[in-house]
Amino acid sequence: MRATGSLLAALLAVTLAGCALKSPPPRDELAKQALPNLQVPEKWAEPAAAGAAAGEPWLATFRDAQLATLVREALANNPDLQVAAARVEQAAGFVKVAGATLYPQVSLLARGGGTLSGDSSGLEGVGVFANWEIDLWGRVRAGREAASTQYSSAALDAEFARQSLAALVAKSWFLATEARLQKGAAQDMLRSSESLVALALDRQRIGKGDEYDVALARANLQSTRDAVQQFDLAIRQSLRALETLLGRYPAAALKVPAQLAAQPGAVPMGMPSELLERRPDVVAAERRVAFAFYRGEEAKAARLPRISLTAAVTSISSELFVLKDRDNPVWSAGAGLVAPLFTGGALQAQVEIRTAEQKLAVAEYGRVGARAFGEVEGALSTGFTLAERAAILAQSVAENERTLELANVRYRVGSGDLRAVQQQQLAVYAARTGLLRVQSEQLVQRVNLHLALGGGWSNQ
């Protein structure tokens, strides 16, 4: 018994002094491995507003209460988001399972006497058995850390999915609003085309016009009616897409506002180097590298012997026999060792597989990181260009509207023809629709910028 106790004490001491678990590469080293040719600058290449990117709630900057309500509805009912949440719960369960073998496994075995014994021996008894694998080489701890980093990456992926969904709802909302405004512009042109048809008929009746002007005006009227129908379809399609995001039936019944949201102010950008530690999808990719690293450590430790401690206490009796020379209860303790001698190279192959998986995770981290920088710079560049285009198109709308007024006057007094009026009418319509498109795209790119920066959407 003393020998057993000495053995257990020695094994416990070895366990406490066991191999420390290695850590995955830090973020700076990982970035160098994944992006060896990418030198992160101190400031953004495109002009950017100064100030730390605090991840403030960007949804409130649009000052649209209905949009905020729709985002909350989508987060509560979108099926894709529910899938992501279920994966997080699944990963949390894996963490518990992986860490369970760090603790002793205890089980109870009982047997009834008489006819309940099943073999007419009359034996009855109860026993408590415990088994504890000593994690000497860190195999179990590596498995637990792998599960923990997998849970962390799943939670970060779910958060980025929430941010992406909020951004997609906002962009769909702006595009649906634009479709309504584009239809309104087409309806304005339709009314002007109808007036031109009436004017052409009046001029023909009094002898100042001819059948050609009437036919031309009527042809232009039908083209404009077709444009109205196209925008009407675009509105219904955009509303159905938005309702699907909300988890609703796609009935195209949602009401959109009669004007676009006002353009928000400048966005504090922070430093490019902060992006890799702020965006949830980038950090999730980093955690997947850690997951692959710990899986590799687990595979390496699996090649080494496993040592287990066992203990039991049992009590046995019989109604038919007298059990001599037996104390009740009986205590026992021991230790066991299992060492792989020959597995045909399977364990080494597992190490090679895990190493390849880690290389894949590092490459994926580099891909996600490079994409993040590109998305920020792209959104900045597009935003500045759209702002310049909006100013140009606003001036173009004003100039073309003035020219259209002059063309109408000339046609009424007989110094101009109908084709000049129609051409100028098309120019006004093109300028208006172009301005609406740019203004809507400005809002979309602002959302893209917030998403690229990893900012939070919540307005609470």
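Glu401 lies in helix α9, which spans residues 346-413. Helices here are DSSP runs of H or I with at least four residues, strands are runs of E with at least two, and both are numbered from the N terminus. This is a predicted model, in which local features need pLDDT of at least 70 and side-chain atom pairs count only at pLDDT 80 or more, while totals for chains, interfaces and linings use all residues. Residues are numbered from 1 along each chain as its sequence is written, and side-chain values use heavy atoms, with hydrogens and water left out.

**Around Glu401**

Glu401 counts as partly exposed because its relative accessibility is 28%. Buried means under 20% relative accessible area, exposed means over 50%, and partly exposed is in between (1.4 Å probe, protein chains only). Leaving aside residues up to four places away in sequence, Glu401 touches Val428 and Arg432; a contact means heavy atoms within 4.5 Å. The C-alpha atoms of Glu401 and Tyr429 are 9.3 Å apart, although 28 residues separate the two along the chain.

**The whole protein**

The protein has ten helices and four strands. Their order from the N terminus is α-α-α-α-β-β-α-α-α-α-β-β-α-α. Of the 460 residues, 39% are buried. Among contacts with a separation of 6 or more, 83% are between residues 24 or more positions apart. The accessible surface is about 25,100 Å², and carbon and sulfur atoms account for 57% of that surface. Accessible areas come from the Shrake-Rupley method with a 1.4 Å probe, and for residues only the protein chains shown count as cover.

**Helices α8 and α9**

Helix α9 also meets helix α8 (residues 280-301): their axes come within 8 Å and cross at roughly 170°. The axes are lines fitted to C-alpha atoms, for helices over the stretch in contact, and angles run from 0 to 180 degrees between N-to-C directions. The crossing therefore makes α8 roughly antiparallel to α9. Angles over 145 degrees count as roughly antiparallel, under 35 as roughly parallel, 65 to 115 as roughly perpendicular and the rest as oblique. Residues in the contact include Val282, Ala285 and Phe293 of α8, and Val351, Ala361 and Tyr365 of α9. By class, the contact has twelve nonpolar, three polar and eight charged residues. Ala, Val, Leu, Ile, Met, Phe, Trp, Tyr, Cys and Pro count as nonpolar, Asp, Glu, Lys and Arg as charged, and the others, Gly among them, as polar.

**Aromatic pairs**

Three aromatic pairs are found in the whole structure. Rings of Phe, Tyr and Trp (its six-membered ring) pair if their centres lie within 6.5 Å; planes under 30 degrees apart are stacked, over 60 edge-to-face and the rest tilted. Two of the pairs are listed here.

| Pair | Centre distance | Plane angle | Class |
|---|---|---|---|
| Phe62 and Phe174 | 5.1 Å | 55° | tilted |
| Phe293 and Tyr294 | 5.5 Å | 75° | edge-to-face |

Phe62 is in the loop between α2 (27-34) and α3 (65-77) and Phe174 is in helix α5 (residues 139-205), so their pair ties together parts that are 112 residues apart in sequence. Phe62 and Phe174 are buried, and Phe293 and Tyr294 are both buried as well. Ring pairs also link Trp58, Phe62 and Phe174 into a cluster.

**Positive phi angles**

Arg63 is not a glycine, yet its phi is positive, at about 50°. Arg63 is in the loop between α2 and α3, and it counts as exposed because its relative accessibility is 79%. Ala252, also not a glycine, has a positive phi of about 55°. The place of Ala252 is the loop between α6 (211-245) and α7 (275-278).
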